[in-house]
Amino acid sequence: MTASPAASASVPTAPGGLPLIGHAHLLARTPLPFITSLRDHGSVVRIRLGPTPAYVVTDPVLTRTVLVTEAAHFAKGGKIFDVLRGVFGDGLATVADGETHLRNRRLMQPMFNRAHIATRGNAMIDQVGAMVGAWEDDQLRDVFADMNDVTLAAFLVALFGMDLPTDLQREFTVLMPVIMKETIRQTILPPWVTRLPLPANRAHRRHIARLRVLIDQAVDHHSGRSAGTSLAAPDPATAPDPDPAPADAAGCPHKAAVGDVQAGLFETLSAAGDQFTRRQLQDEAITLMNAAIETTATALAWTLYELTRHPEIEQRLRAELAAVCTGRSLRQEDLDRLPYARQVLQEAVRKYGPAWMVTRTATRDVDLGGHRIPRGADVVWSPYLLQNDPARFPEPTAFDPDRWPPDRVPTTRDSLFAFGDGRRKCIGENFAWTEMQIILATVLQTWPRLRLASRPPRPQTAITVKPDRLAIAFGTS
């Protein structure tokens, strides 16, 4: 796919750029209308972020080319990932393409097998039920904040086990939203500003350091070892005293958690023994926690909003849930018998992205759909843009879960990019669907009535497309 000048045409430039700042003002003021308007100008469109060009792919077939068939020519990178690497370290989402990524993905894969996730389902249901059941009747709730809290708490149970100390859970829940807000700030500001010794930058570094301490405490709590002792090969920067791996850790990473419902998903990774340093374990835990709360919380908040607008969808969901559970509480084994709940969640994920701007970096001069992309250029793709394309999803602004029955899924699946695709596809996709189904079903079982108590929310771009304001009252009658 290497381009030759004769074979490739130049890429059309989007209108509206200004001297010096390019299209940055449009991305700042009207990001979603601007990004979706680009499909009117071609399958690949050039924009400028200040003086730097970027190439936006608006066609799903070419997007799949970038992510799958020619992925070797489009490395994971760009400013967004440079910033996230400062938070996540070299976790699976941000580590560079190559042998390290492939090795780590293989080691982590057993954590996210469907059967393994199922062993954590009932613990997650109990955690979510306790939190949702503690809401006050008819109290106005900040639903986006609630979904962040609930998804993180459920994921902590799945990640670190059922008996994580309450003080650790509480501090994780307080700290993670703060870090995410700071991270968004870092992606917006020029890199040189984020390196200055400003109070906000120093606070961000302190919060990341504290998060790593909390992860160490959570891992050590389940290891039965004293704090500061490594579960894996020591990292000279964080664990100077060597600590050999346990004798039974040399086998499959899945082994440590088999048959142990109290254990967490993360123990399948730490059981890999000397294949991960303590720093790498921290990086992966931070990556997983951020992924767990960002996409799933956003999708759930929008789902609950759509239910307040569509009582017929809400009633169909409740009928399905009642038929499956027959008056008892939700159980893990019920999830596969709730297909309409999955359809509703798929439609929320489709309509709202949730991601709106993801980047890759061209590793060589490349021909993409007849357009020449120069080596080193940022290549942008947008799940939000692709999943709101009327050519693929008629009436894209409509909320229609019936787009997703099994007999119609093949026609829509090729344009659903919420979890990426190819070798960098989100490893936690199965977990995300399970967690979202648990939370949605538990909210509906606990609260018979939902009422929108704020104006309709406006989509707001951060790392995801989130509601700017969303208050819902949950009632028992």
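Predicted model: local features only at pLDDT ≥ 70, side-chain atom pairs only at ≥ 80, totals over all residues.
View 1

**View 2. The hairpin of E1 and E2.** Strand E1 (residues 44-49) and strand E2 (residues 52-57) run antiparallel and are joined by 6 bridges. Within this pairing, valine 45 is placed opposite valine 56 of E2. The hairpin has 2 residues between the strands, and glycine 50 adopts a positive phi near 70° there.

**View 3. The pairings of strand E8.** Strand E8 (residues 378-381) runs parallel to E2, to which 4 bridges join it. Opposite valine 57 stands tryptophan 381 of E8. With strand E5 (residues 358-362), E8 pairs in the antiparallel sense, again over 4 bridges. Here aspartate 378 of E8 is the bridge partner of threonine 361. In a regular strand, side chains alternate between the two faces of the sheet.

View 4. Helix H8 (residues 143-160) comprises 18 residues and spans 25 Å from its first C-alpha to its last, close to the 26 Å expected at 1.5 Å a residue. The helix is mostly covered, with 16 of its 18 residues buried.

View 5. Leu18, Leu20 and Ile21 make up a nonpolar patch on the surface, and together they have about 290 Å² of accessible area. Leucine 20 is located in the segment before helix H1 (24-29). Its relative accessible area is 74%, and leucine 20 is therefore classed as exposed.

**View 6. A salt bridge within helix H14.** The whole structure contains 20 salt bridges, among them that of glutamate 314 with arginine 318, whose closest N and O atoms are 2.9 Å apart. Both residues belong to helix H14 (residues 311-325), where glutamate 314 and arginine 318 are 4 residues apart, about one turn of the helix. Glutamate 314 counts as buried because its relative accessibility is 7%. Arginine 318 also counts as buried, at 15% relative accessibility.

**View 7. The salt bridge of arginine 328 and aspartate 334.** A salt bridge brings together the side chains of arginine 328 and aspartate 334, at 2.8 Å from N to O. Arginine 328 is partly exposed, with 23% relative accessible area, whereas aspartate 334 is buried, at 0%.

View 8. Arginine 403 and glutamate 347 form a salt bridge in which the closest N and O atoms are 2.8 Å apart. Arginine 403 lies in the loop between helix H16 (383-387) and helix H17 (409-413), while glutamate 347 lies in helix H15 (residues 339-352), so the pair ties together parts that are 56 residues apart in sequence. Arginine 403 is buried, with a relative accessible area of 5%. Glutamate 347 is likewise buried, with a relative accessible area of 0%.

**View 9. A network of salt bridges.** Salt bridges link Asp138, Arg449 and Arg451 in a network.

Definitions and conventions. Residues numbered from 1 in each chain as written. Heavy atoms only, no water. Pairing = 2+ DSSP bridges. Patch = residues over 30% accessible without salt bridge, like charges linked within 9 Å, V, L, I, M, F, W, Y side chains within 5 Å. Areas by Shrake-Rupley, 256 points an atom, 1.4 Å probe, with all protein chains shown as cover. Salt bridge = Lys/Arg side-chain N within 4 Å of Asp/Glu carboxyl O. Buried < 20%, exposed > 50% of the residue type's maximum accessible area, 1.4 Å probe, protein only. Expected span 1.5 Å × (residues − 1).
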